[in-house]
Amino acid sequence: MSIQEQKINADMDQFVIFRLDQESYGVPINYVEIIEKVTAITRVPNSSDYVLGVINLRGEIVPVIDLRKRFNLPDSSITDESRIIILTVDYMTVGILTDSSSEVLNIPKSQIENTGTVLSIVDEASIEGIGKVDDRMIILLDIHAILDINNAES
Amino acid sequence: METSQYFDVFIDEAKEHLQKMNDILLILEKNPKDKQHLHELFRIAHTLKGMSGTMGFNYVLQLTHEMENLMDQVRNDIFSIDESVVDLLFECLDKLEQYVMNIESDQTEGDNISDNLIQELKTRVNGSENSNPIANETTQQDTNEGGFPSAFNADEYVRSMIKKAEDKDYNIFRLYICLNEKCMLKSARAYIVFSTLEQNCEIIYSDPSIEDIEDEKFDLCFELAVITQHSEVEISQQLNSISELDAVEIESINSKNVITKDEGEKDGFSTPALLEMDSNETSNSAKDEDQPKKARAGKTVRVDIERLDNLMNLVSELIIIKTRLEDAHQMTQEKSISDTTEQLERITTSLHDAVMKVRMVPIERVFNRFPRMVRDLSKELGKEINLIMTGEDTEVDRTVIDEIGDPLIHLIRNALDHGIEEPDTRIRNHKDKAGKLKLTAFPDGNNVVIEVEDDGKGIDTEKVKAKAIANGLISESQSQLMEDKELIQFLFHPGFSTADKISDVSGRGVGLDVVQTKIEHLGGEVEIESQPDKGSRFIIRLPLTLAIIQALLVNVESEKYAIPLNNIREISTIKEEQIRKVQGKEVVLFRQSTLPILRLSGILNVPPLEEKTQTDEYTVVIISHGDRTFGLVVDELIGQQEIVIKSLGKYLNGIRGIAGATILGNGTVSLIVDTNSLF
């Protein structure tokens with residue numbers, strides 16, 4: 001494992017932290033629109049299996065991705081703790097279903113490591129790095145990879 | 001001057017003027033002697049020149065200036081309009097359009113692309129000048145020292161005014177006034193001139209217009225025409241008492257030396273009181289004619305389409321809330337609430353209609369570019385074409401206008417290139433030498449129909465058949481069974497072209513499939529009718545509104561789906577035992593014809609409910625599309641409802657079988673079945 005210093009003048013990056021199957025994950029806060037409780041989700045036929053469906057977000061139709069399915073994690077039922085994090089990436093609004101989400105953390109860039117080969121839990125391409133805050137390890141996600149945006153556009 | 005805020009206005013107006021110019025050029029091409037339109041053309045060039053000058057667009061300014069010079073000579077009968085002149089002016093128009101496009105995208109004119117044209121225009125003007133030295137005059141604004149331009153150009157209104165004044169023995173003077181170059185407050189000085197004159201005269205004409213002068217949109221000189229009882233000397237004395245005037249020239253005019261410009265009531269003068277008092281009858285009639293014109297112009301407002309979209313969204317929200325209220329009401333059954341919801345229903349419906357109407361624009365906006373296109377194409381192809389357009393005033397949604405242009409261009413090019421034969425072939429087949437292309441638009445219930453019809457050779461179904469077999473779309477034996485109508489559908493296949501040789505115009509096979517995709521994207525459909533040697537007709541059917549439709553809500557297992565009502569022919573029930581299997585596909589005999597049966601639950605992979613009552617009777621929604629029909633098995637009908645179509649968003653774009661989503665009264669999302677894609 002090699003620690004790579006990012007930028008010298010870079011100080012803090014803010015991440016919205018959520019939990020998924022025992023692990024903590026983070027997405028850059030500038031992509032996050034809002035965090036919603038789970039409402040009625042309408043299944044969309046003939047879509048990718050990790051697309052859970054669409055929800056009505058105050059009059060907007062927003063697709064929701066089941067991150068557990070996306071990362072091939074075991075299914076679990078939706079609880080009171082479950083949250084949908086609404087992200088806007090490249091003018092496209094998508095929600096991701098998470099087990100729970102309650103905090104925003106500042107992670108110094110110096111505390112973010114490149115992943116290398118340590119992780120086997122999730123799809124490596126969707127990981128931007130690992131953030132270390134105190135004793136916690138936070139898996140920082142590459143939103144574009146999760147949504148397959150690069151594939152779609154290139 | 002800070003002009004950026006005027007960009008939008010400039011571009012809108014410039015486009016309008018260019019379109020007008022296009023129309024007039026087409027008319028002039030047919031009627032080269034038509035002076036009225038020539039004057040109009042001149043005026044447009046002049047207006048464009050002024051506009052672009054103000055905005056600092058010099059290439060446009062120069063080009064329009066030279067165009068003006070050319071037209072001025074034509075106007076003064078120095079030479080006449082022939083094909084080469086029209087072609088030249090068309091070229092200028094193209095360049096102007098290019099500039100305006102550049103301005104729209106980058107706010108600058110881009111590279112100078114009109115130098116050659118300007119040279120050509122100049123050569124023409126100079127060429128004729130040598131033969132006729134009087135023609136050395138250009139337009140009023142540009143001749144600072146030259147005194148009066150060659151002729152006084154007035155519109156019909158001013159002319160009639162002058163006539164009336166003559167009848168009453170008033171003096172009519174034409175004034176040419178130049179301010180001193182050092183004059184600081186030009187508009188204020190001009191105002192003094194006006195107010196001085198108005199003490200004793202009626203000003204009936206001003207170039208530039210009074211508004212422009214007030215806004216200081218003029219150089220140093222302006223031209224006026226006045227009616228007065230005073231003499232030339234008196235007027236001159238009055239004017240000479242005003243300081244900072246460099247030149248004051250007065251000329252007496254009469255109706256004979258006025259050229260009619262016919263440009264409506266450009267300067268907005270009302271009938272001078274002087275005349276009105278004396279000749280009530282005549283001037284009143286003139287006034288009556290002018291006033292409605294003015295009123296109409298004042299009643300339109302340019303609105304950004306985004307604001308309308310926003311308004312439309314709000315109306316959609318309102319409709320959703322209304323549906324929710326209706327749902328709630330059905331549970332409570334209270335009388336007072338039912339009255340209120342009914343009223344709300346009425347209001348939202350009218351509000352929706354009103355907003356829709358605001359968004360509607362005449363299809364003319366799309367059609368008006370076709371005459372030019374057909375003209376150019378017919379020249380290019382060496383075919384003579386008569387273009388007949390009807391129903392240009394048919395209104396369609398603004399979004400349709402933006403999208404429908406390309407498909408129509410495609411169809412027109414197709415008709416001209418493939419449909420209409422060469423002139424000698426036509427004569428041999430005892431047809432008119434000139435081919436006929438008919439473009440028709442008309443509203444039809446909740447749809448708008450646009451037809452592109454030619455009287456050419458029609459579609460060669462044998463050729464289509466051969467091509468379809470060659471492309472491996474069908475087998476030889478299959479082709480034997482197909483009717484002509486079915487065969488024609490192959491034209492919509494990607495990469496399908498029956499043209500033997502590829503021309504610039506069409507034949508690359510990227511055509512009709514694009515047309516169909518685009519039309520279907522707009523929620524419409526295309527049909528082809530064709531008769532050998534009689535011609536073909538493409539019929540485009542588009543929904544009037546794109547955002548809000550009537551739909552049938554159905555239950556499939558535990559899920560709710562909406563089926564657009566305009567595709568539903570009828571609803572019926574069939575028994576399990578009626579269903580037959582033909583080549584692994586389910587069909588029933590329904591009204592003496594076989595009806596393919598599709599199960600919505602299967603198509604949409606709806607997870608089956610665990611405890612399901614077994615029935616041997618199915619509810620079938622019969623969908624028809626053009627002349628194709630199928631039955632869609634659903635579990636239960638919920639009812640008809642007005643729904644607001646929402647897109648599934650970019651992320652879920654292009655899902656098979658789903659056209660979009662809508663929000664139901666209870667706030668949940670229901671998907672809209674795309675019946676088109678189920679065939």
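User: Before we look around, what counts as a helix here?
Analyst: Happy to start there! This model is predicted. A helix is a DSSP run of H or I, and the runs are numbered from the N terminus. The length such a run needs is at least four residues.

User: What span should helix 15 of chain B have, and how far apart are its end C-alpha atoms?
Analyst: The helix has 12 residues, counted at 1.5 Å a residue. The expected span uses one less than the number of residues, so helix 15 of chain B should span 16 Å. The end C-alpha atoms agree with that, as they are 16 Å apart.

User: How many helices and strands does chain B have?
Analyst: Both kinds of element occur in chain B, and the count is 22 helices and 24 strands.

User: Which residue in the turn between strand 18 and strand 19 of chain B has a positive phi?
Analyst: Strand 18 (residues 585-590) and strand 19 (residues 593-599) of chain B run antiparallel, joined by 4 bridges. They form a hairpin with 2 residues between them. In that turn, a positive phi of about 45° belongs to B:Arg591.

User: Which residue in strand 21 of chain B stands opposite B:Arg599?
Analyst: Strand 19 of chain B also pairs with strand 21 (residues 628-634) of chain B, in the parallel sense over 3 bridges. Opposite B:Arg599 stands B:Val633.

Notes: Residues numbered from 1 in each chain as written. Chains lettered and ligands numbered in written order. Predicted model: local features only at pLDDT ≥ 70, side-chain atom pairs only at ≥ 80, totals over all residues. Pairing = 2+ DSSP bridges.
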